[in-house]
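Trainee: I've just opened this one and I'm new to it. Could you walk me through it with some questions and answers?

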Amino acid sequence: MNITDVTRAIAAATSVAASLDLPANDAIVLHNSNKLALRLTPCDVFARVAPVGQEVAQFEVDLAQRLTEVGCPVCPLEPRADPRVYTRDGFAVTLWTYYEPVTPHTSPVDYAKALEQLHAGMRKADVPSPRFTDRITEAEEVVADPDRSPELTDADRVFLSGRLASLRRAIDDRGAVEQLLHGEPHPGNVLSTKNGPLFIDLETCCRGPVEFDLAHVPEAVCEHYPSVDQGLLDECRQLVIAMVAAWRWEFGDQFPNGRRFGEEFLRLLREGPPWPTLDTVTRRLESGPHPPDISPHRHTAGIINRHHPTATRKPQ
């Protein structure tokens, strides 16, 4: 969000909190992309704010309630407020429990166990959701339209379009078991708390093989997740690289140094296996002469979530 929208969004969130007798004299911006994440104080509430119609907040609220009921490691809604979406001044506001971050960050073993527990709970709490291939379609639309990706060369456009299509077919042809997934369980969407790791940002949930989720996490996490189909994981990692490459070339992309990331992901696709994890690529690029100027705790989240500042994945 731009500065004007951020100011209005903060006012909307504090107004909602005040109407619920939750004192919110100040708001700390924790993350700003297509959604604004705030810590409201002194009530200590985590607020997520997005323009009305550019979010799937009700889907996220309903899913969070269901997953909490079945014991999934997800950030729960704020218990002092009704579990619903609040609207103010054109913004949708949802209120969540705030957790103080703890150190050290979540270990790969705990990360893998939490993701396995999340997947197990999601099998119990199955709800209607888009398929992971909808994400591929979004990327394909960006690549196919020169008005949406004007700086992408014709050769790169043909290459990336073909790679996205071939990966869709390859993964579909495997006929892997599919279930409800987080969709983007990268480190930026995992809170390290005294209660253990908790997943946030449930609006990205979709149906697909668990390897699609694993393609977003560090390699060390995958090593501790049971019964992984390595061939499918490699295809899913390549797919994630291809999709992110497309989003980095979209006109109006707000990710700092986005073109540099877009060029790197295209290079990786042409270079071939082994396919790196997103956190590996991020660390490598940030160690270069011109690292992107973004929060050190949200790097991977930014690569993925800033691909489309005004659109989200909507449940079917």
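Trainee: Where is the place of Pro42?

Mentor: Before we start, keep in mind that this is a predicted model. As for its place, Pro42 is in strand β2.

Trainee: Which other peptide bond is cis, and in which loop does its Pro274 lie?

Mentor: Most peptide bonds are trans. The bond from Pro273 to Pro274 is cis, with omega near 0°. Pro274 lies in the loop between α9 (258-271) and α10 (278-286).

Trainee: Back to β2, then. How many bridges join strand β2 to strand β3?

Mentor: Strand β2 covers residues 36-42 and strand β3 covers residues 45-51, and they run antiparallel. Within this pairing, Leu40 stands opposite Val45 in β3. The number of bridges joining β2 to β3 is five.

Trainee: What is the order of the strands in the open sheet?

Mentor: The sheet has five strands with antiparallel pairing, in the order β1-β2-β3-β5-β4. Its edge strands each pair on one side only: they are β1 (24-32) and β4 (86-88). Neighbouring strands are turned by 30° against each other on average, direction ignored. So much for the details; the order you asked for is β1-β2-β3-β5-β4.

Trainee: In which strand is Val93, and is Val93 buried or exposed?

Mentor: Val93 touches residues including Ala12, Ala13, Val16 and Tyr86, not counting residues up to four places away in sequence. The C-alpha atoms of Val93 and Ala50 are separated by 6.8 Å, although these residues are 43 apart along the chain. The place of Val93 is in strand β5 (residues 91-97). With a relative accessibility of 0%, Val93 counts as buried.

Trainee: What is the phi of Asp44 near?

Mentor: Most residues other than glycine have a negative phi. Asp44, found in the loop between β2 and β3, is partly exposed, with a relative accessible area of 28%. Its phi is a positive value, near 55°.

Trainee: And what is the phi of Asp21 near?

Mentor: Asp21 has its place in the loop between α1 (3-19) and β1. At 70% relative accessibility, Asp21 counts as exposed. Here too phi is positive in a residue other than glycine, near 60°.

Trainee: How many disulfides does a search of the whole structure find?

Mentor: A disulfide is a covalent bond between the sulfur atoms of two cysteines. The sulfur of Cys43 is 14 Å from the closest cysteine sulfur, in Cys75, so that is too far for a bond. For Cys75, the closest cysteine sulfur is in Cys72, at 13 Å, again too far for a bond. The search of the whole structure finds zero disulfides.

Trainee: Now the rings. What kind of pair do Tyr111 and Phe199 form?

Mentor: A search of the whole structure finds three aromatic pairs. The rings of Tyr111 and Phe199 have their centres 6.4 Å apart and their planes at 65°, so this pair is edge-to-face. Tyr111 lies in helix α3 (residues 108-124) and Phe199 in strand β8 (residues 196-199), so the pair ties together parts that are 88 residues apart in sequence. Tyr111 is buried, with a relative accessible area of 6%, Phe199 is buried at 1%, and the kind of pair is edge-to-face.

Trainee: What about Phe132 and Phe212: how are their rings paired?

Mentor: Their centres are 5.3 Å apart and their planes are at 45°, so the pair is tilted. Phe132 lies in the loop between α3 and α4 (133-144) and Phe212 in helix α6 (residues 210-214), so the pair ties together parts 80 residues apart in sequence. Both Phe132 and Phe212 are buried, and the pairing is tilted.

Trainee: Last one. Which residue lies over the face of Phe159?

Mentor: For a charge over a ring, the CZ of Arg has to be within 6 Å of the ring centre. Here the distance from the ring centre of Phe159 is 4.2 Å. The residue lying over its face is Arg270.

Technical notes:
Residues numbered from 1 in each chain as written. Predicted model: local features only at pLDDT ≥ 70, side-chain atom pairs only at ≥ 80, totals over all residues. Heavy atoms only, no water. Pairing = 2+ DSSP bridges. Helix = DSSP H or I, 4+ residues; strand = E, 2+ residues; numbered from the N terminus. Axes fitted to C-alpha atoms, helices over the stretch in contact; angles between N-to-C directions. Disulfide = S-S within 2.5 Å. Buried < 20%, exposed > 50% of the residue type's maximum accessible area, 1.4 Å probe, protein only. Phe/Tyr/Trp six-rings, centres within 6.5 Å; stacked < 30°, edge-to-face > 60°. Lys NZ or Arg CZ within 6 Å of the ring centre and 35° of its normal. Contact = heavy atoms within 4.5 Å.
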